[in-house]
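Student: I would like to learn how to read a structure that I have never seen before. Could we take it feature by feature?

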Amino acid sequence: MTDPARATPPDPAPMRLVRIGLQSRGEAIAIMRTDCHVCRSEGVHARTRIEIRSGGRSITARLMAIEGSFLNPHEIGLSEDAWTRLGADAGAVASVRPAPPAESMTLVRRKLYGGRLDEGGFAAILRDVQAGRLSDTQIAAFLSAGAALPLDDAETTGLTRAMVAVGDRLAWTAPRVMDKHCVGGLPGNRTTPIVVAIVAASGLVIPKTSSRAITSPAGTADTMETLAPVTLDLPAIRRVVDAEGGCVVWGGAVRLSPADDAFVRIEREIDIDAEGQLVASVLSKKVAAGATDVVIDIPVGPTAKVRSPEAAAALAARLTLVGSALGLNVTCLATDGTGPVGRGIGPAPEARDVLAVLQRHPDAPADLAERAVALAARLLEIGGVAAAGEGAALAWQRLESGDAWAKFVAICEAQGGLRQPPEAAETHDVTAAVAGQVSVIDNRSLARLAKLAGAPGNLAAGLTLAVRAGDRVERGQPLFRLHADSRGEIAYALDYWSRAPAFGVAD
């Protein structure tokens with residue numbers, strides 16, 4: 001007689017998989033009818049984490065229950081993210097079980113209650129994140145704990161190592177591999193494509209993997225995507241860099257620190273970017289991309305992400321310390337973050353500024369060119385192609401000669417083809433209500449305006465500045481132009497502007 005305690009449980013009744021086209025922004029979602037056998041089971045209810053197995057593969061997804069005939073009782077609808085992760089085929093069948101509890105939640109709770117985690121603890125959490133065993137709510141709890149109870153230097157180093165360990169790594173034959181990053185918080189500061197073009201045109205290797213926006217109206221990958229394909233796999237990245245010495249691609253398309261992609265998605269939702277998490281996010285991707293030397297831009301200003309010189313110095317010290325522990329040479333530059341850079345804010349508006357600088361248009365934003373040259377200069381000196389103090393002259397030479405533009409075109413072509421940034425369907429000029437001098441510009445309000453106009457989800461959306469701080473304006477003179485896909489988005493942005501104007505104009 002079979003011992004019931006040792007009997008293998010039967011597989012649940014199979015469910016047919018249905019692709020329902022739900023865009024869940026990175027989270028795996030499963031939808032079933034309330035009267036199906038899974039939803040009627042004790043302990044299984046809406047928002048339960050379930051394990052779905054099909055064709056030898058499995059995923060963990062969040063269950064949502066519906067009523068009605070959208071699905072039949074033996075069908076399970078999968079979001080696009082769930083469908084892709086499972087590698088499902090239309091009409092395939094799957095078995096469904098309640099997902100086992102994620103053991104790493106004990107570590108998340110330890111952090112929430114003020115405990116410290118070592119590299120092994122972070123690794124356990126990251127493995128569960130990578131496998132989809134932690135829900136968005138649980139990931140948000142982990143990120144919030146790291147914001148409210150900041151990671152110390154040892155924790156930040158442990159988290160960075162763990163983030164590198166769960167992904168792939170690139171290796172290059174060049175003895176020095178350059179990289180750059182900006183910690184953000186400054187609208188329009190889109191120096192990366194210009195820096196990569198200058199540095200690669202000077203003979204150095206700079207494989208730049210960039211992020212999409214977290215809390216800003218555009219990330220470098222969003223802006224670059226208006227100019228060339230950025231979703232490249234590892235062999236394609238290697239091919240581009242081997243041919244041209246550099247690239248500007250989306251890091252989320254490859255498994256370089258992949259757990260960070262889930263963190264970025266949740267950070268965008270809860271609008272936080274804690275320092276320890278920021279350091280681990282930045283440096284794990286640099287190490288995974290094979291960089292040996294990185295220059296980090298830290299804009300400092302009252303409405304930037306970093307508010308004071310003291311905060312910038314503390315962040316630079318932590319970046320340098322953690323980078324050194326992982327074998328990465330980090331150089332930080334504190335830069336002016338008192339106002340936006342260039343004229344465009346949003347993917348396409350910023351891309352047009354990048355093109356103007358690289359093509360040396362007479363009306364190209366000088367501040368964007370100067371910032372890019374300053375960053376490129378340090379990389380050229382660190383990389384040994386310019387003597388100390390002479391990097392800026394070489395960087396300007398690469399721009400003025402057209403070498404940087406030619407290299408940028410070649411990189412774009414190697415990534416899949418250079419294209420023109422898209423134009424928005426709707427525009428609206430916002431004008432000065434009174435005459436006077438533009439005394440202050442609020443970076444955060446400008447970024448919010450661009451996001452309400454549709455950036456970065458709509459690559460054409462954002463705004464274009466018509467004036468700078470210190471300019472004299474007359475009543476009715478344009479301050480900036482909004483770019484959006486619909487009048488509704490324009491209206492949302494204008495409503496916000498009426499309550500939180502980003503410009504101070506005074507006599």
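Predicted model: local features only at pLDDT ≥ 70, side-chain atom pairs only at ≥ 80, totals over all residues.

Student: Is C36 buried or exposed?

Tutor: C36 is buried, with a relative accessible area of 1%, and C182 also counts as buried, at 17% relative accessibility, because the limit for that word is under 20%.

Student: Which kind of pair do the rings of W405 and F408 form?

Tutor: For rings, one looks at the distance between centres and the angle between planes. The model has six aromatic pairs, and in the one made by W405 and F408 the centres are 6.2 Å apart and the planes stand at 25°, so this pair is stacked. Both residues lie in helix 16, three residues apart, about one turn of the helix. W405 counts as partly exposed, at 22% relative accessibility, whereas F408 counts as buried, at 1%.

Tutor: The rings of F480 and W497 are edge-to-face, because their planes are at 75°, with centres 5.2 Å apart. F480 belongs to strand 17 and W497 to helix 18, so this pair ties together parts that are 17 residues apart in sequence, and both residues are buried. Ring pairs also link F122, F142 and F263 into a cluster.

Student: What is F408 in contact with, apart from its neighbours within four places in sequence?

Tutor: With those neighbours left aside, F408 is in contact with P193, A197, M224, L227, L355, L358 and L418.

Student: How should I read a pocket, and which element gives the most to the lining of the second largest pocket?

Tutor: Rolling a probe the size of a water molecule over the atoms shows where empty space is left. The second largest pocket holds about 1,100 Å³ of space, and of the 49 residues that line this pocket, V183, G184, G185, T215 and K305 are the closest to its centre. Helix 11 gives the most to the lining, with seven residues. By class, the lining of this pocket has 16 nonpolar, 17 polar and 16 charged residues.

How values were computed:
Residues numbered from 1 in each chain as written. Heavy atoms only, no water. Buried < 20%, exposed > 50% of the residue type's maximum accessible area, 1.4 Å probe, protein only. Contact = heavy atoms within 4.5 Å. 1 Å grid on protein atoms, 1.4 Å probe; cavity = no way out; pocket = protein on both sides within 12 Å on 5 of 7 lines; lining within 4 Å. Points joined across faces, edges and corners; volume = space filled by probe spheres on them. Helix = DSSP H or I, 4+ residues; strand = E, 2+ residues; numbered from the N terminus. Nonpolar A, V, L, I, M, F, W, Y, C, P; charged D, E, K, R; others polar. Phe/Tyr/Trp six-rings, centres within 6.5 Å; stacked < 30°, edge-to-face > 60°.
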